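Colleague: I have this chain open on my screen and would like to go through it with you. Can we settle one term before we start?

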Amino acid sequence: MSFKIRQYLGEQNNATGSTPPFKLEAGQNAAPDDGPLLGALHSPQRLLHKTPNIRADQGLRLFAEAPSAERIYKEQIGDMTVNVRVYSKGGQRQDLIFINLHHSEKTSVQAARRIADEVGGMVVDLVHPGGRLVTFKLHGKSYTFDPNRIFTDAGIEKTLRGYSRSAPPAAKMAVKQFAEALIEKYVRNRRVIMAVHNNSGGFKVDLWDKNGRYEKDTAEIFKGDPKHPHNFFIVTTMEDFNLLKSYGYNVVRQNNEHATDDGSLSIFCGRHNIRYINVEAQHGDELGQKSMLRTMAVNSRSAEDGAPSQLQAGNAAKSQPAKLDAANIRRLVKATESKDARVREDALNALGKIGKNAIPDFMGI
Ligand SMILES: [Zn+2]
């Protein structure tokens with residue numbers, strides 16, 4: 001077993017003599033979510049901080065002892081500096097990346113960070129004075145765009161014209177450079193991209209169904225959770241569609257060939273055969289979004305040591321060991337939200353055991 005794996009399993013780092021930043025015992029309660037993190041978010045510099053805000057349950061706490069880190073990278077668009085905030089946990093599951101492009105959708109960032117704390121991974125979000133939209137000045141003129149509409153040339157043109165009336169070449173170029181920086185740093189060569197969004201009002205899964213606004217963009221739809229129409233996945237692969245369907249979620253498989261080119265990240269990933277999962281949840285429903293993210297995280301495979309992604313493995317169901325049986329995990333994940341503390345604890349313990357057994361598999365050893 002490699003050193004990295006031993007670290008995963010929470011053993012003391014004897015090689016360097018360092019001690020884990022903190023240790024939780026089984027059954028011990030962790031500090032409430034977000035305490036140390038929120039304070040740390042206000043520092044503009046690189047931060048290395050300890051986050052005891054981990055679920056204190058058996059298996060999921062395996063990752064609690066890895067340090068978390070946050071870095072801010074600056075991207076310039078005209079006169080506007082957009083801070084790209086990168087939160088990473090453990091440094092092990094760098095293939096698992098959560099991207100939030102809409103600054104106003106804060107629930108999704110919190111949910112993604114908590115899941116990264118549980119299983120490892122990286123959460124990227126954009127910080128700027130706008131809400132959903134980014135505004136910048138170039139040669140004395142002001143322009144606005146939607147940062148999830150900039151990943152194709154047609155999308156850049158459309159979003160600039162829509163919000164700024166004009167789209168001169170210099171403004172388009174400034175936006176395109178920003179989009180390319182995001183693609184190169186956070187999207188290209190990743191095995192799986194999880195985009196996280198929040199919504200409200202009329203924006204729900206039904207828009208992708210028959211007679212909905214996005215019907216044309218849909219290859220397949222499954223509404224397994226009609227009581228929560230704001231919580232749904234949009235995926236680009238059949239494997240992920242079938243997986244999430246088996247869990248009883250609302251899920252849309254994008255028609256990668258015919259979907260309208262609105263310049264969104266889903267269109268870019270669909271065109272470039274990048275496994276992409278959009279996790280949409282209602283504003284404020286952190287619990288619901290965490291459950292959705294956890295399901296994907298538990299089922300995704302690591303790029304570490306060259307382990308094949310689910311996509312490359314072909315039939316996901318066949319490649320999963322029996323202990324990762326989807327129906328069993330689905331039942332357990334649902335039980336983690338039970339009102340009964342005992343039921344929650346039992347489910348977390350059981351999930352923990354699955355996670356522990358599955359780690360060598362995740363890690364490709
Ligand atoms: Zn959004």
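Colleague: Then which class does V333 fall into, and why?

Modeller: V333 counts as partly exposed, because it has 18 C-beta neighbours inside 10 Å, and a residue needs 20 or more to be called buried.

Colleague: Where does V333 sit, and what is it in contact with?

Modeller: V333 lies in helix α11, which covers residues 326-335. Leaving aside neighbours within four places in sequence, V333 is in contact with S291, R294 and T295. V333 and L348 are 15 residues apart in sequence, with a C-alpha to C-alpha distance of 8.1 Å.

Colleague: What about helix α8, is it mostly covered or mostly exposed?

Modeller: Helix α8, residues 286-299, is mostly covered, with eleven of its 14 residues buried. Among these buried residues are S291, R294 and T295, the three that V333 is in contact with.

Colleague: And how far does α8 reach from end to end?

Modeller: From its first C-alpha to its last, α8 reaches 20 Å, which is close to the 20 Å expected at 1.5 Å a residue.

Colleague: Changing topic, which residues touch the most other members of the largest nonpolar core?

Modeller: That core has 68 residues, and those touching the most other members are A112, V175, I193, M194, F233, V279 and L293. Helix α5, residues 169-187, gives the most to this core, with seven residues. L293 is also one of the buried residues of α8.

Colleague: Which residues does I193 touch, then?

Modeller: Not counting residues up to four places away in sequence, I193 touches I97, I99, V187, C269, I274, R275 and Y276.

Colleague: On to the strands: what does β3 pair with?

Modeller: Strand β3, residues 80-89, is joined to strand β2, residues 68-77, by ten bridges, and the two run antiparallel. Within that pairing, I72 stands opposite R85 in β3. Seven bridges also join β3 to strand β5, residues 121-127, again in the antiparallel sense, and there S88 stands opposite M122 in β5.

Colleague: Which residue takes a positive phi in the hairpin of β2 and β3?

Modeller: G78 does, with a phi near 55°, in a hairpin that has two residues between the strands. The hairpin of β6 and β7 has two residues between its strands as well, and H139 in its turn has a positive phi of about 50°.

Colleague: How many bridges pair β6 with β7?

Modeller: Five bridges pair strand β6, residues 134-138, with strand β7, residues 141-145, in the antiparallel sense, and V134 stands opposite F145 in β7.

Colleague: Last topic: where does pLDDT stay under 50?

Modeller: The pLDDT stays under 50 over residues 1-64, although the model has 97 contacts beyond four places in sequence for that stretch. Over residues 353-365 the pLDDT is also below 50, and this stretch has 31 contacts in the model beyond near neighbours in sequence. Where pLDDT is low, the predicted coordinates should not be read in detail.

Colleague: And what does the chain average?

Modeller: The chain averages a pLDDT of 75, and 68% of the residues score at least 70.

Notes: Residues numbered from 1 in each chain as written. Predicted model: local features only at pLDDT ≥ 70, side-chain atom pairs only at ≥ 80, totals over all residues. Pairing = 2+ DSSP bridges. Helix = DSSP H or I, 4+ residues; strand = E, 2+ residues; numbered from the N terminus. Buried ≥ 20, exposed ≤ 12 C-beta atoms within 10 Å, placed from the backbone. Contact = placed C-beta atoms within 7 Å. Expected span 1.5 Å × (residues − 1). pLDDT = per-residue confidence, 0-100. Core = buried A, V, L, I, M, F, W, Y, C linked by C-beta atoms within 7 Å.
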